[in-house]
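Welcome, and thanks for taking a look at this chain with us. Please keep the viewer open while you read.

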Amino acid sequence: MFRRIAQKYNPATASHCTCSVLALTLFVGAIPQTTWAQDDVPFDATADTVFDIIQDSDPSTFVCLSYEGRTTRQMWDKRQDDEFDLEVFLFTAHFSDMPPIDIILNPEFETPEAARAEADKYTHRLGRVPLVFRHGIRQLGVHKGDKGFHAGTGKVFVYSDMSDRRISENHLEESLLHEGVHATLDDQYRLSPEWIAAQEQDGRFLTRYAASRPEREDLAETALFAYSLLRHPGRIPPADSAAIARIAPARIAVVESILNTTVEVSPPTPPPGGCE
């Protein structure tokens, strides 16, 4: 969990706006400064956030889900730390702003009906993740179990029990954003001179997870907080927003430039008849 938050933040009356790094700097200056030790890190990991940054009321670009039958696909399974060829349940998820993606489910879900019920957990929620963090996803793989999510270029893997837990905490969308960064942006940005220079300029990390894996996790960890401050600042309490803006201004500026980049994707494919 976050170490500095004792209870969930209720943003019901907070204003939502699009902010710039300059606005965040002015915002921070209006709040009493907190003294942080140089090696102090304010949060443990975005996976354990109590902040509901992407909310159920946010629009989703998901259109429909079509069942394609059974087929053989490779699935990495963290439960066994290995990759297997499995006869998966294959669905195609259609969105209004990007080409469709495959959702593949481990045969342990047993029936198409059970597999569809599980796939339905992710479709609308994935469509709420901003396109800039999502457009590189080509496949979402789903296992049973409670392992942490993981991703590589183009692929995201999730575990149903962990997903249920994160849904109960209003946090599945945030987790999908994190993994979407890995699938979509890592290759271009996480080791880029621009990002490395921003890391060095800031000199500190927002989460212990990022600090423990700076080359692999810092971009995905920072992106969620930066997105909230830049697009939905009222969804994180002011004191925590100020700490985030003070610790990572250079990296927030990089994320702002990413958010302002025009995403070039192929047009969405018209869904087939019977797509639900």
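Below is a short tour of the strands, the disulfide, the helices and the pocket.

## About the model

This is a predicted model, in which local features need pLDDT of at least 70 and side-chain atom pairs count only at pLDDT 80 or more, while totals for chains, interfaces and linings use all residues. Residues are numbered from 1 along each chain as its sequence is written, and side-chain values use heavy atoms, with hydrogens and water left out.

Let us begin with the strands. Helices (H or I, at least four residues) and strands (E, at least two) are DSSP runs, numbered from the N terminus. Two strands count as paired if DSSP finds at least two bridges between them. Strand β1 (residues 62-77) and strand β2 (residues 82-95) run antiparallel and are joined by 14 bridges. Within this pairing, F62 stands opposite F95, and C64 has H94 as its bridge partner in β2. The hairpin of β1 and β2 has four residues between the strands, and D81 takes a positive phi near 55 degrees there.

On to the next strand: β2 is also joined to β3 (residues 101-105), by five bridges, and these two run antiparallel. A hairpin of five residues leads from β2 to β3, and A93 stands opposite I101 in β3.

Rings of Phe, Tyr and Trp (its six-membered ring) pair if their centres lie within 6.5 Å; planes under 30 degrees apart count as stacked, over 60 as edge-to-face and the rest as tilted. By this rule there are four aromatic pairs. One of them is formed by Y67 and F91, a tilted pair with 4.8 Å centre to centre and 40 degrees between the planes. This pair links distant parts of the chain, with Y67 in strand β1 and F91 in strand β2, 24 residues apart.

F91 is buried, with a relative accessible area of 0%, whereas Y67 counts as partly exposed at 33%.

## The disulfide

How many disulfides does the structure hold? There is one, where a disulfide is a pair of cysteine sulfur atoms within 2.5 Å. The disulfide joins C64 to C275, with 2.0 Å from S to S. This pair links distant parts of the chain: C64 lies in strand β1 and C275 in the segment after α10 (249-259), 211 residues apart.

The link of C64 and C275 is right-handed, with 100 degrees about the S-S bond. Both ends are covered: C64 is buried at a relative accessible area of 4%, and C275 is buried at 16%.

Helix α10 is mostly covered, with eight of its eleven residues buried. Among them are A250, I252, V254 and L259, and the charged residues R251 and E256 are buried too.

Helix α9 (residues 238-247) contains I244, which is buried with a relative accessible area of 0%. I244 and L206 are 38 residues apart in sequence, yet 6.8 Å apart in space, C-alpha to C-alpha.

## The largest pocket

A pocket here is found on a 1 Å grid over the protein atoms alone: an open set of points where a 1.4 Å probe fits, with protein on both sides within 12 Å along at least five of seven lines, and lining residues have an atom within 4 Å of a point. Grid points are joined across faces, edges and corners, and the volume is the space filled by probe spheres set on the points. The largest pocket holds about 350 Å³ of space. Its lining has 23 residues, of which A47, G148, F149, R166 and Y209 are the closest to its centre.

Which elements each supply at least two residues of the lining? They are β5 (150-152), α3 (160-168), α4 (172-184) and α8 (214-231). The most comes from α4, with five residues. By residue class, the lining divides into six nonpolar, seven polar and ten charged. Here Ala, Val, Leu, Ile, Met, Phe, Trp, Tyr, Cys and Pro count as nonpolar, Asp, Glu, Lys and Arg as charged, and the others, Gly among them, as polar.

Technical notes. Buried < 20%, exposed > 50% of the residue type's maximum accessible area, 1.4 Å probe, protein only.
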